[in-house]
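Notes are below, in the order I took them.

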Amino acid sequence: MMTPGLSFFYGGMVGQKNVISTILQSFIAMGIISVLWVAFGFSLAFGEDVGGFIGNPATFFMFKDVGAKVDTYLAPTIPLALYALFQMKFAIITPSLITGSFAERVRFSAYMVFMILFCIFVYCPLAHWTWHPDGFLRQLGVVDFAGGIVVHASSGVAALAGAIFLGRRKQQDHHEPANIPFVILGAAMLWLGWFGFNAGSSLAADSTAIKAFLNTNTASATAMMAWIFFDCLRGRKPSAMGAAIGAVVGLVAITPSAGYVTVGQSIFIALTTTIICNIAVYWKNKTTVDDALDVFPTHGVGGIFGTILTGIFVNGLVVGNVDVFLIHLAAVVAVGAYTFVVSYALYWITNKMIPMRVSARSEAIGLDISQHDEHYGVMADN
């Protein structure tokens, strides 16, 4: 539900000659990461701990011993196979989120190579640090209920590194979105799917799951309205794009704390993070960084500030625990630095194997035709 939703969300934002390629960049992750996760990805993230930084790739190699039996250490309330598949969905959507930053200019084959490397060297280590019982961030007390650090901060920072590495698109006069109804559809699918991500992270049908469900919906609704109202205060008309983007920002913001905060706190988190993200998008547009679909200003900034606010509201500053707040702040810095450096290196390595950027001609005719020999809409025939 989530990754196909993201594919429509992104696919509707780009120009007509890049709709299919953008959708496929998300959809293909369901194939590549699923196989990688079964082979050794789950082991890297949740296998026997190695120093608090990574899992032993042999622990669950080819899903060895991953079945209906419950692993009381990793997931005491559900079968291990269910837990592994649930975690796989997080692994799938994270590299998909990155694609919006380098939309309309990346070579498909190179992107697939980068996706594999990112999962191995960035996603799996971060998942281990944060979600494995022996991961060093979890041992320090970092709370990330459903992926504020592991999914959104990491994908946003990796997106920023990608936008910087690949450079700006050749076309300076940016096009209109190809299909705004696609964007609305994608946002709606994400909103629905997010209930599964956040409420499901309780790993039980219990009060925590209900709280996460309630907070997720409340935060998304708050953020959608906040984005529209803030746009109006800045002299813009209320837009369907703004409503869709705002709703997703609210989902991002509440993700790390969804199962723990009150409804009032979820509204505050969504409201403040949405305004910050809206301003971040405005500032980004004043720079030379061509983050095509604003992945860093929305997912990256949203995940970062959502995590910082988790350190305030979840047994943190609100109850006088300064250490908890500082630990979350340090975690954001550590994850951001690690993700940026390693992701940039992976772009460089991938580019040495397969040039990541398409030719100027391929970019001009669009990736749908140049990369896939397919087209969307009548404009692609021109």
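What follows are my entries, grouped by topic.

**Ground rules.** I'm working from a predicted model, where local features need pLDDT of at least 70, side-chain atom pairs count only at pLDDT 80 or more, and totals for chains, interfaces and linings use all residues. Residues are numbered from 1 along each chain as its sequence is written, and side-chain values use heavy atoms, with hydrogens and water left out.

**α1 against α8.** I started with helix α1 (residues 2–11) and helix α8 (residues 180–200), which pack at about 155° with axes 7 Å apart. That angle makes α1 roughly antiparallel to α8. For that label, angles over 145 degrees count as roughly antiparallel, under 35 as roughly parallel, 65 to 115 as roughly perpendicular and the rest as oblique. Axes here are lines fitted to C-alpha atoms, for helices over the stretch in contact, and angles run from 0 to 180 degrees between N-to-C directions. Helices are DSSP runs (H or I, at least four residues), numbered from the N terminus.

Which residues meet? On the α1 side I listed Met-2, Pro-4, Gly-5, Leu-6, Phe-8 and Phe-9, and their partners in α8 include Phe-182, Leu-190, Trp-194 and Phe-197. Contact means heavy atoms within 4.5 Å. The residues of this contact split into 13 nonpolar, three polar and no charged. In that count Ala, Val, Leu, Ile, Met, Phe, Trp, Tyr, Cys and Pro are nonpolar, Asp, Glu, Lys and Arg are charged, and the others, Gly among them, are polar.

**α2.** I then checked helix α2 (residues 19–27), whose buried residues are Val-19, Ser-21, Thr-22, Ile-23, Gln-25 and Ser-26. Buried means under 20% relative accessible area, exposed over 50%, partly exposed in between (1.4 Å probe, protein chains only). Those buried α2 residues pack against several helices, among them α1, α8 and α5 (108–131).

**Rings.** How many aromatic pairs does the structure hold? I get 29. Rings of Phe, Tyr and Trp (its six-membered ring) pair if their centres lie within 6.5 Å; planes under 30 degrees apart are stacked, over 60 edge-to-face and the rest tilted. Trp-37 and Phe-46 are an edge-to-face pair, 6.5 Å centre to centre with 75° between the planes. Trp-37 is buried at 0% relative accessibility, and Phe-46 is buried at 1%. Phe-165 and Tyr-344 have ring centres 5.3 Å apart and planes at 85°, so I logged that pair as edge-to-face too. It links distant parts of the chain, with Phe-165 in helix α7 (residues 148–166) and Tyr-344 in helix α13, 179 residues apart. Tyr-344 is partly exposed, at 32%. Both rings sit in a cluster linked by ring pairs, which also includes Phe-102, Phe-340 and Tyr-347.

**Single residues.** Val-332 lies in helix α13 (residues 322–353) and is buried at 13%. Leaving out residues up to four places away in sequence, Val-332 touches Ile-304, Thr-307 and Ile-308. Asp-231, in helix α9 (residues 207–233), is buried at 5%. Beyond its neighbours within four places, Asp-231 contacts Arg-236 and Asn-278.

**Positive phi.** Most residues other than glycine have a negative phi. Asp-294 has a positive phi of about 60°; it sits in the loop between α11 (263–284) and α12 (295–313). Is Asp-294 buried or exposed? It counts as buried, at 16%. Asp-373 has a phi near 55°, lies in the segment after α15 and is exposed, at 64%.

Technical notes. Helix = DSSP H or I, 4+ residues; strand = E, 2+ residues; numbered from the N terminus.
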